[in-house]
Amino acid sequence: MEQRKNVVIGVTGGIAAYKALDIVSKLKKASVNVHVIMTQSAQKFVQPLSFQSLSQNYVVADMFDEPKTWEIEHISLAQKADLFVIVPATANIIGKIANGIADDMLTTTVMATKAPVLIAPAMNTNMYQNPIVQENIRKLEQMGYRFIEPDTGQLACGDVGVGKLPPPEKIVEEILQQLDRKLDLKDKKIIVTAGPTREPIDPVRYITNHSSGKMGYAIAEKAAYRGAEVLLISGPTTLPSPYGVQRIDVNTTMEMYEAVMEKAKWANIIIKAAAVADFRPAVVAENKIKKADADLIIPLTRNPDILKELGNRKAPNTILIGFAAETQDLIENAKKKIQNKNLDFIVANDLTKEGAGFQSDTNIVTIIDKKGHIEHLSKMSKGELAEVILDKAKQLSMEGVE
Ligand code: CTP
């Protein structure tokens with residue numbers, strides 16, 4: 001019989017604490033072994049006995065409790081956990097973990113665990129949006145802690161805004177998914193390019209585009225999460241590096257070209273999500289260009305096409321994936337790019353559609369492969385699309401091996 005997974009649930013003191021009861025009950029029904037640790041303030045909202053009855057395990061509520069007959073101590077729980085979940089997570093617990101404070105049973109156990117930690121914040125909107133809380137979340141994310149984003153809606157305090165705990169089913173689904181996490185890209189080495197490039201005109205000005213880098217960063221993050229070794233070659237963005245990803249920062253297309261060419265042989269999958277500038281000023285003025293009465297004309301010269309060069313040099317077992325941003329004749333143009341650049345498939349973006357393209361968190365794309373298969377995908381988050389792209393890349397690289 002398959003061994004049951006152990007999930008440790010840390011409950012902290014928010015009004016949403018009662019929802020954790022439902023989560024524990026649903027996990028038990030899914031045959032997960034659940035252990036609950038409650039903070040002092042959580043116990044003001046819900047009785048430990050309720051969690052104990054549902055989890056059928058002793059609830060750890062006090063650091064200085066006598067050890068019970070149940071096999072519980074904070075170190076043993078930390079070791080036993082296949083996954084650690086903090087739900088609901090207050091601003092206080094997030095702040096403590098982010099700053100290495102371990103002064104009760106929950107914080108000491110989190111600090112001692114090597115299991116993945118999933119945090120589901122729930123709090124008042126202003127608290128959630130407070131820059132200190134956001135900074136702590138970012139810091140933890142960069143260290144590999146994962147967050148379930150709170151929903152927007154009417155909060156217990158009467159305010160309407162972000163900060164609501166998502167429904168228990170959604171959290172349970174996320175937990176079960178994490179438990180089942182497959183490192184299916186473990187043997188893959190993936191280069192992802194992302195973001196815009198910047199082509200200097202003079203020391204203070206440059207030409208660029210609206211790319212945010214979100215699509216490429218989402219791919220890099222998901223690939224690393226699925227076990228791939230990931231090198232992210234990024235133009236200037238404001239995004240934090242995804243956990244477990246090696247990142248090289250570049251500014252210009254020429255710099256990106258050099259970085260990509262240097263590493264290209266190492267990779268078995270290359271995904272070119274960057275919005276590369278096709279032209280650069282032919283000469284970069286040494287000093288700031290002064291305004292004059294006449295119009296200013298800046299001659300531009302062609303940048304190398306990085307993807308095309310990769311296509312020329314492509315080894316047979318390397319999977320090469322391009323993006324196409326179009327405002328007209330999407331399929332025709334994308335097909336031409338597959339041919340010209342020797343791609344395995346292309347992810348074509350119709351920039352005229354709402355919810356597609358650069359700054360958005362979602363995308364609407366059509367995937368076309370070199371055999372001519374066309375797949376129209378509906379609007380989805382860039383994270384979801386990243387998974388679709390990686391699934392397809394994996395499938396093609398498996399076909400290549402067979
Ligand atoms: N690309 C690249 N190097 C360039 C230009 C584009 O590597 N100098 C890559 C992009 O990263 C993307 C793909 O080529 O994966 C398509 O980019 P896009 O701008 O849509 O197409 P272009 O090939 O530049 O063609 P056009 O501008 O004529 O549409």
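Analyst: Of the 402 residues in the protein chain, 49% are buried (buried means under 20% relative accessible area, exposed over 50%, and partly exposed in between, using a 1.4 Å probe and protein chains only). Please keep in mind that this is a predicted model, in which local features need pLDDT of at least 70 and side-chain atom pairs count only at pLDDT 80 or more, while totals for chains, interfaces and linings use all residues. Residues are numbered from 1 along each chain as its sequence is written, and side-chain values use heavy atoms, leaving out hydrogens and water.

The chain as a whole comes first. It has 14 helices and 21 strands; these are DSSP runs numbered from the N terminus, with helices (H or I) of at least four residues and strands (E) of at least two. Along the principal axes, its C-alpha atoms fill a box of roughly 80 × 60 × 35 Å.

Now to the ligand, which sits in the second largest pocket. A pocket is found on a 1 Å grid over the protein atoms alone, as an open set of points with protein on both sides within 12 Å along at least five of seven lines. A molecule sits in one if more than half of its atoms lie within 2 Å of its grid points. The elements giving two or more residues to the shell around the ligand are α12 (306-313), β16 (319-326) and α13 (330-341). Strand β16 provides the largest share, four residues.

Which residues come nearest? Among the 14 residues around the ligand, they are K272, A274, L307, F323 and K341, where a residue counts as near if one of its heavy atoms lies within 4 Å. By type, the shell holds eight nonpolar residues, one polar and five charged. Here Ala, Val, Leu, Ile, Met, Phe, Trp, Tyr, Cys and Pro count as nonpolar, Asp, Glu, Lys and Arg as charged, and the others, Gly among them, as polar.

K337 has a polar side-chain atom 2.8 Å from an oxygen atom of the ligand. F323 takes part through its backbone, with an N or O atom 2.9 Å from a ligand oxygen. In D278, an N or O atom of the side chain is 3.2 Å from an oxygen of the ligand. Taken alone, the ligand exposes 570 Å², and the protein buries 77% of that, as computed by the Shrake-Rupley method with a 1.4 Å probe.

In the loop between α13 and β17 (345-350) you will find N342. This residue is partly exposed, with a relative accessible area of 37%, and has a positive phi near 55° although it is not glycine. Most residues other than glycine have a negative phi, and most peptide bonds are trans.

Q56 also has a phi near 55°; it is in the loop between α3 (48-55) and α4 (74-80) and counts as exposed at 59% relative accessibility. As for peptide bonds, the one joining V87 and P88 is cis, with omega about -10°, and P88 has its place in strand β3 (residues 83-89).

Key: Polar contact = N/O pair within 3.5 Å; in protein donor to acceptor, adjacent residues only side chain to side chain. 1 Å grid on protein atoms, 1.4 Å probe; cavity = no way out; pocket = protein on both sides within 12 Å on 5 of 7 lines; lining within 4 Å.
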